[in-house]
Amino acid sequence: MVNHRDQPASRATAMRWSILLLLTMMVCLGHFNRVSISVAGNERFIENGRIDRESMGQIYTVFLLVYTACMLPAGWFIDRVGPATALTWMALGLGLCVIMTGVVGWQSESAGGLWLSLMIVRGVAGAASSPLHPAAARSVSLWFPAGTRIRANGFVTAGALVGIAVTYPVFGWLMDRFDWPWAFVICGSATMAFAVVWRCVATDGANDHRWTSVAQRAPVPRSDEPAQSQPKSPSRSVARDLLGLLRHRGLVLLSISYAAVGYFQYLFFYWIENYFSDTLHLPVEESRRASSAVMIAMAAGMACGGWAADSICRRWGQRYGRRAMAFGGMTLSALFALLGVATNEPDQVVAWFSLALASLGACEGVFWTTVTDMGGRGGGLAAAVLNTLGNAGGALAPWLTAVLIDRFDWHIAIGVACAICGLGATLWFGFDPTMPIEPNVPHADNAADRGETTAR
């Protein structure tokens with residue numbers, strides 16, 4: 001029998017990155033199941049005339065509205081039971097809702113009945129999905145030391161874009177092979193199976209894991225996470241109530257900035273394939289490949305941006321490094337998107353849109369790391385506040401984009417998104433991203449986090 005307490009300290013890194021891989025897969029599945037409805041909508045409903053574009057936009061938006069409305073209760077739930085348990089219930093609930101999305105396809109014969117059934121099921125799916133990103137970010141804050149959290153969060157959020165990227169070809173293939181109701185049933189079942197795997201392996205932090213030794217737990221400093229030894233207790237921020245969080249200027253401005261990111265992202269998440277097929281008139285297979293390429297680019301931007309952000313923060317400090325990554329990424333994203341919509345050459349459009357979403361993805365990890373560092377003991381609820389406002393902006397995008405396209409054209413729809421993204425970038429200069437909500441939680445912008453050395 002192997003005694004885990006005798007294992008070398010290097011196993012800590014292996015266990016930590018194993019948890020990170022599972023978190024990434026969880027987020028990947030969550031977004032695959034979120035965006036798969038748009039693939040079915042574009043290829044089975046809109047194209048065949050069963051549901052019009054604006055009505056499909058309402059189905060996409062109801063998921064996001066309920067998802068957003070349930071975000072704050074989800075944050076309380078995460079801080080109450082711990083992120084590992086919250087993610088287990090999230091995956092089980094979402095998987096069941098995805099299965100039911102397929103079931104309504106067998107039960108609803110009329111277009112009106114199908115629309116209403118999808119509105120209800122996708123709304124419930126939004127509620128089930130609400131703990132996903134706050135719980136993942138909270139898990140990273142409990143498993144990883146401060147100097148590596150941005151890259152870890154970048155890796156996790158990259159999983160979302162990998163999930164979206166593979167949705168177009170994989171879910172499209174499943175629809176072609178089994179038809180769309182069975183495709184949803186298969187994907188929902190796989191998500192519920194993964195929830196069981198996650199529950200068997202994951203814990204809320206290295207200090208709780210049965211496969212880690214004392215030496216393996218040491219790299220996550222307790223001074224960075226005062227609640228790490230008791231992650232399942234109610235957070236002090238929750239006890240003082242939500243208003244205590246909303247009085248923090250930095251958290252509010254950070255969340256509004258993330259709302260701008262959400263609007264920009266969700267425009268592309270839900271309508272990019274339609275843009276390639278409807279505006280550029282690409283065949284179905286080419287539209288799927290082009291959509292996947294753009295999303296893979298954003299995933300690469302998230303992963304690489306996390307590494308770059310940690311490096312920049314070591315040189316410039318957390319305050320200026322995080323501002324530089326967020327402002328630079330959001331501004332470049334808006335500029336590249338405008339260049340993309342200015343041309344009708346498919347290869348150029350794919351290239352510009354890929355650069356736009358890669359630039360936006362590069363700053364994703366900064367948002368999630370900053371909010372959980374601000375939140376301290378109430379990191380789950382603070383992350384839920386961020387995601388609530390982020391998705392309040394994102395929830396408008398699927399429906400409002402459809403309205404702008406129908407009333408005007410794609411140039412106006414994307415131009416509005418670029419303006420919103422640019423304005424959101426400027427908000428980073430209105431607050432200190434290292435200022436914690438709880439005054440007794442140490443600033444992230446200390447000498448150790450900057451990578452500075454002192455004379456001895």
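**Figure 1. Met 295 is a buried residue in this predicted model.** The relative accessibility of Met 295 is 0%, and Met 295 therefore counts as buried, the cut-off being under 20%. Met 295 belongs to helix 13, which covers residues 284-316. Beyond its neighbours within four places in sequence, the residue has contacts with Leu 161, Ile 164, Ala 165 and Tyr 168, as well as with Phe 268, Phe 269, Ile 272 and Leu 357.

**Figure 2. Thr 191 is a buried residue of helix 8.** Helix 8 runs over residues 180-201 and includes Thr 191. With a relative accessible area of 3%, Thr 191 is buried, because this value is under 20%. When residues up to four places away in sequence are not counted, Thr 191 touches Leu 29, Asn 33, Ala 91 and Gly 95.

**Figure 3. Helix 12 and helix 16 cross with their axes within 11 Å.** Helix 12 consists of residues 249-279, and helix 16 of residues 364-375. The angle between the two axes is roughly 150°. Angles over 145 degrees count as roughly antiparallel, so helix 12 and helix 16 are described in this way. The crossing of helix 12 and helix 16 is left-handed.

**Figure 4. Residues at the contact of helix 12 with helix 16.** On the side of helix 12, the contact involves Gly 250, Leu 251, Leu 254, Ser 257, Tyr 258, Val 261 and Gln 265. Helix 16 contributes Glu 364, Phe 367, Trp 368, Thr 370, Val 371 and Met 374. Sorted by type, the residues of this contact are 8 nonpolar, 4 polar and 1 charged.

**Figure 5. The protein as the setting of the close-up views.** The protein has 456 residues, and 60% of them are buried. Its secondary structure comprises 19 helices and 0 strands. Of the contacts between residues at least 6 apart in sequence, 84% join residues at least 24 apart. The accessible surface of the protein is about 16,900 Å². Carbon and sulfur atoms account for 65% of that surface.

Note on methods. Residues numbered from 1 in each chain as written. Predicted model: local features only at pLDDT ≥ 70, side-chain atom pairs only at ≥ 80, totals over all residues. Heavy atoms only, no water. Helix = DSSP H or I, 4+ residues; strand = E, 2+ residues; numbered from the N terminus. Buried < 20%, exposed > 50% of the residue type's maximum accessible area, 1.4 Å probe, protein only. Contact = heavy atoms within 4.5 Å. Areas by Shrake-Rupley, 256 points an atom, 1.4 Å probe, with all protein chains shown as cover. Axes fitted to C-alpha atoms, helices over the stretch in contact; angles between N-to-C directions. Parallel < 35°, antiparallel > 145°, perpendicular 65-115°, else oblique. Left-handed = near helix turned anticlockwise from the far one by under 90°. Nonpolar A, V, L, I, M, F, W, Y, C, P; charged D, E, K, R; others polar.
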